[in-house]
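Let's take a friendly walk through one stretch of this protein, from a helix to the strands around it. Have your viewer ready.

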Amino acid sequence: MTIRTPILDDETNWPWSLPFWVAHRGAGKLAPENTLAAFREGARHGYRAFECDVKLSADGVPFLLHDATLDRTTTARGRAADRTWSELSRLDAGRWHSRAYAGEPPPSLEAIAAFVRRNQHALNIEIKPTPGDEFRTGEVVGGEVLRLWEGSAPDTVLFSSFQPEALRGARESAPQVPRGLLLDKLEGDGWLRLAQSLGCRAVITHYALMDQALVTRLHEAEMKALVYTVNDAAAAQWLIANGVDGIITDAVDRFSPTA
């Protein structure tokens with residue numbers, strides 16, 4: 001489905017290079033989420049920006065996984081944080097999706113970075129810490145991004161998290177990488193003060209929370225207004241008409257990112 005993408009005016013003086021359309025967990029419905037196979041599928045549909053979830057192995061290696069446990073998307077069971085990267089890298093993270101992807105391993109952040117850098121893609125890294133390890137996860141992921149992007153200030157990378165401490169950790173180790181606060185509810189004005197205190201360049205809400213007034217408020221605060229996870233054409237058109245700066249979607253086979 002073709003939905004015309006708006007031409008965005010940059011209202012701030014800091015870099016923002018994230019494309020408008022962002023593929024959720026790679027192309028996490030058409031292929032196993034948070035795998036290289038999903039990224040390749042998203043790229044095949046023309047996407048040049050990807051969202052993924054990153055947490056730490058027991059030995060501190062950042063890798064892609066959404067859940068705290070391995071149960072849903074791998075052939076293993078138990079907490080991912082209890083296994084070393086050597087153990088995790090040998091798991092099957094594809095068979096749960098379909099037989100065609102059996103044997104697809106969970107990728108490290110290093111492998112994903114190589115893919116997106118080679119193809120000049122942008123990356124929204126959702127820092128998804130194991131509960132109790134929020135600050136350290138953000139700090140390690142931030143440092144790893146600077147290493148993998150060779151110390152540059154990669155404005156094609158955006159950190160995001162529902163966990164403020166994870167964003168504080170990322171700010172500590174990689175202050176030059178843009179940050180976005182993820183929200184699934186809005187209560188009072190605390191969320192805005194929190195985003196400002198974290199030095200966020202974006203707020204990313206569930207799409208049902210976003211409207212023109214909220215977009216305007218964020219723009220007045222010199223922050224971008226992004227939404228997740230939009231799979232309905234009417235909702236996408238309404239959000240575009242109300243001025244959002246980016247849409248994260250599973251529907252990579254229905255929304256053209258180049259329209």
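Helix α6 spans residues 190–197, and its buried residues are W191, L192 and A195 (buried means under 20% relative accessible area, with a 1.4 Å probe and protein chains only). They lie on the same side of α6, because they cover an arc of only 100° around the axis, taken from the directions from the helix axis to the C-beta atoms. These residues pack against β6 (179–183), β7 (202–206) and α7 (212–220); contact here means heavy atoms within 4.5 Å. Helices (H or I, at least four residues) and strands (E, at least two) are DSSP runs, numbered from the N terminus.

A note on the source: this is a predicted model, where local features need pLDDT of at least 70 and side-chain atom pairs count only at pLDDT 80 or more, while totals for chains, interfaces and linings use all residues. Residues are numbered from 1 along each chain as its sequence is written, and side-chain values use heavy atoms, leaving out hydrogens and water.

## Strand β7 and its neighbours

Four of the five residues of β7 are buried, so the rest of the structure largely encloses this strand. On one pairing, β6 and β7 run parallel and are joined by four bridges (strands pair if DSSP finds at least two bridges between them). L182 has I204 of β7 as its bridge partner. The chain goes from β6 through α6 to β7 in a right-handed β-α-β crossover: with the strands pointing away from the viewer, the path from the first strand over the helix to the second runs clockwise.

Strand β8 (residues 224–228) also runs parallel to β7, with five bridges joining them. Here A202 stands opposite K224, and β7, α7 and β8 form a right-handed β-α-β unit.

Methods. Buried means under 20% relative accessible area, exposed over 50%, partly exposed in between (1.4 Å probe, protein chains only).
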